[in-house]
Amino acid sequence: MKVDVLEYYSKAEWSAIKSESSKHETPCVIIDLDIVKRKYQELGEHFPFSKIYYAVKANPAIPVLELLRDLGSNFDIASRYELDRILSLGVSPDRISYGNTIKKRADIRYFYEKGVRLFATDSEPDLRNIAKEAPGARVFCRILTEGSSTADWPLSRKFGCHPDMAIDLLVLAKDLGLVPAGISFHVGSQQREIGAWDSAIAKVRYIYDYLESEGIHLTLINMGGGFPANYISKTNSMDVYASEITRYLTEDFGDDLPEIILEPGRSLVGESGVIVSEVVLVSKKSSTGLDRWLYLDVGKFNGLIETWDESIKYPLYCEARGDDCEDYIIAGPTCDSQDIMYEFYRNPLPSYIKPGDRVYWLSCGAYTSSYASVEFNGFPPIPTYFVNSGSVE
Ligand SMILES: *Cc1c(COP(=O)(O)O)cnc(C)c1O
């Protein structure tokens with residue numbers, strides 16, 4: 001099935017993106033800031049009881065950050081470089097959490113000196129560093145979750161600890177003079193199985209109860225990211241995510257919920273962006289070969305790293321003439337044989353496609369422009385241009 005761009009963008013959005021893209025050479029990313037705005041507002045309406053901490057790593061472009069700053073977002077930060085950028089935009093440190101559990105002592109001190117007081121942890125050495133370098137700070141402990149087989153980009157192996165360890169760490173946090181605030185989890189990015197939140201929230205309830213009996217009253221649940229963007233593999237709509245997750249929360253915590261934090265990345269910015277690329281070459285490997293190879297000027301190293309293991313299946317759209325479609329193996333421009341985006345998953349594109357035709361990668365606003373190599377084979381970082389389609393108030 002050929003992709004219908006209007007399943008992903010309204011007419012106004014697509015026409016704004018398309019007309020901006022026609023002014024630029026490829027490859028480039030076009031972001032419609034109004035889509036980010038709409039996504040932020042929708043998330044807030046779906047989870048009115050929560051505080052949103054945008055996961056900056058998903059797209060750290062300054063216009064995106066300024067927009068979210070003005071909409072009142074908070075920010076989840078993973079490094080001192082992200083921190084410098086956010087502070088330079090005038091965001092106050094009480095709107096920032098240091099969500100990375102892997103950090104140097106010097107970086108903890110840096111965040112503390114800049115005024116940040118909310119820290120994630122998942123291990124004793126890190127917790128002890130926080131106690132030394134950020135005395136009195138609020139800490140939340142990240143737990144391991146299930147669901148890595150149903151997330152398109154799993155995140156819960158490197159990060160998080162067993163719930164029993166989380167209990168020990170929060171007791172220790174109190175002994176070390178920190179404020180044991182609560183629990184965080186991340187069910188995996190682009191999580192298609194909503195039940196993953198159910199089991200995570202049940203673990204949080206267990207930890208809350210256990211610590212209550214030890215005289216520690218937790219006040220925070222950080223439910224991480226994992227909410228979907230619209231790619232080829234279908235997911236439930238955000239309505240369904242929101243009503244199910246809200247039900248899990250109220251079943252376990254009643255109507256008097258603790259402070260709830262969400263850390264969306266992909267679901268806020270993913271659909272806002274389109275990568276515009278150009279066909280470099282169409283070829284075969286032998287005269288009798290059945291496979292046609294389509295080489296583009298964008299690849300795994302300049303924006304499409306999430307095609308790794310064909311994890312994220314971006315919708316591809318091309319206006320080349322003719323309705324006849326064919327399957328291609330789709331690869332990037334660099335001299336690395338890993339630079340193949342799709343070999344097994346076949347994305348139908350026009351049979352008459354030729355060098356110079358433009359191919360649009362839809363839903364490419366998250367984990368693309370900044371998630372790239374630096375000048376590999378001399379290719380420069382992919383530039384981003386911004387539009388306002390006017391599709392939102
Ligand atoms: C990456 C990340 C997020 C964002 O996840 P999405 O699935 O993109 O929404 C949130 N929290 C933490 C701690 C992360 O590392």
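# Briefing: pockets, backbone and side-chain contacts

The residues lining the second largest pocket divide into five nonpolar, five polar and five charged (Ala, Val, Leu, Ile, Met, Phe, Trp, Tyr, Cys and Pro count as nonpolar, Asp, Glu, Lys and Arg as charged, and the others, Gly among them, as polar). This is a predicted model, in which local features need pLDDT of at least 70 and side-chain atom pairs count only at pLDDT 80 or more, whereas totals for chains, interfaces and linings use all residues. Residues are numbered from 1 along each chain as its sequence is written, and side-chain values use heavy atoms, with hydrogens and water left out.

**Pockets**

- The second largest pocket holds about 240 Å³ of space, and Lys39, Pro228, Ser237, Met238 and Glu271 lie nearest its centre among its 15 lining residues. (On a 1 Å grid over the protein atoms alone, a pocket is an open set of points where a 1.4 Å probe fits, with protein on both sides within 12 Å along at least five of seven lines; lining residues have an atom within 4 Å of a point.)
- Two or more residues of this second lining come from each of helix H2 (33-46), helix H9 (238-253) and H10, and H2 gives the most, with three residues. (Helices, H or I with at least four residues, and strands, E with at least two, are DSSP runs numbered from the N terminus.)
- The largest pocket has a volume of about 770 Å³ (the space filled by probe spheres set on grid points, which are joined across faces, edges and corners).
- Of the 40 residues lining the largest pocket, Lys57, Ala78, Leu155, Phe159 and Tyr367 lie nearest the centre. Strand E3 (74-77), strand E6 (138-142) and helix H10 (266-269) each give two or more residues to this lining.
- By class, the lining of the largest pocket comprises 17 nonpolar, 14 polar and nine charged residues.

**Backbone**

- Threonine 26 and proline 27 are joined by a cis peptide bond, with omega about -10°; proline 27 lies in the loop between helix H1 (11-21) and strand E1 (28-32).
- Serine 363, which is not a glycine, has a positive phi near 55° and sits in the loop between strand E17 (358-361) and strand E18 (384-387). Serine 363 is buried, at 1% relative accessible area (buried means under 20%, exposed over 50% and partly exposed in between, with a 1.4 Å probe and protein chains only).
- Glutamate 375 also is not a glycine and has a positive phi of about 55°; this residue lies in the loop between E17 and E18 and is exposed, at 51%.

**Cysteines**

- The whole structure contains zero disulfides (pairs of cysteine sulfur atoms within 2.5 Å).
- For cysteine 325, the nearest cysteine sulfur is that of cysteine 318, 8.8 Å away; cysteine 325 is partly exposed, at 31%.
- The sulfur of cysteine 364 is too far for a bond, at 12 Å from the closest cysteine sulfur, in cysteine 28; cysteine 364 is buried, at 0%.

**Aromatic rings**

- The structure has 19 aromatic pairs (rings of Phe, Tyr and Trp, the last by its six-membered ring, with centres within 6.5 Å; planes under 30 degrees apart count as stacked, over 60 as edge-to-face and the rest as tilted).
- Tryptophan 14 and tyrosine 360 are edge-to-face because their planes stand at 80°, with centres 5.2 Å apart. The pair ties together helix H1 and strand E17, parts that are 346 residues apart in sequence.
- Tryptophan 197 and tyrosine 241 are edge-to-face, at 5.7 Å centre to centre and 85° between the planes, and both are buried.
- Phe47, Phe49, Trp197, Phe227 and Tyr241 form one aromatic cluster.
- Arginine 205 lies over the face of phenylalanine 253, at 4.5 Å from the ring centre (NZ of Lys or CZ of Arg must be within 6 Å of the ring centre and within 35 degrees of the ring normal).
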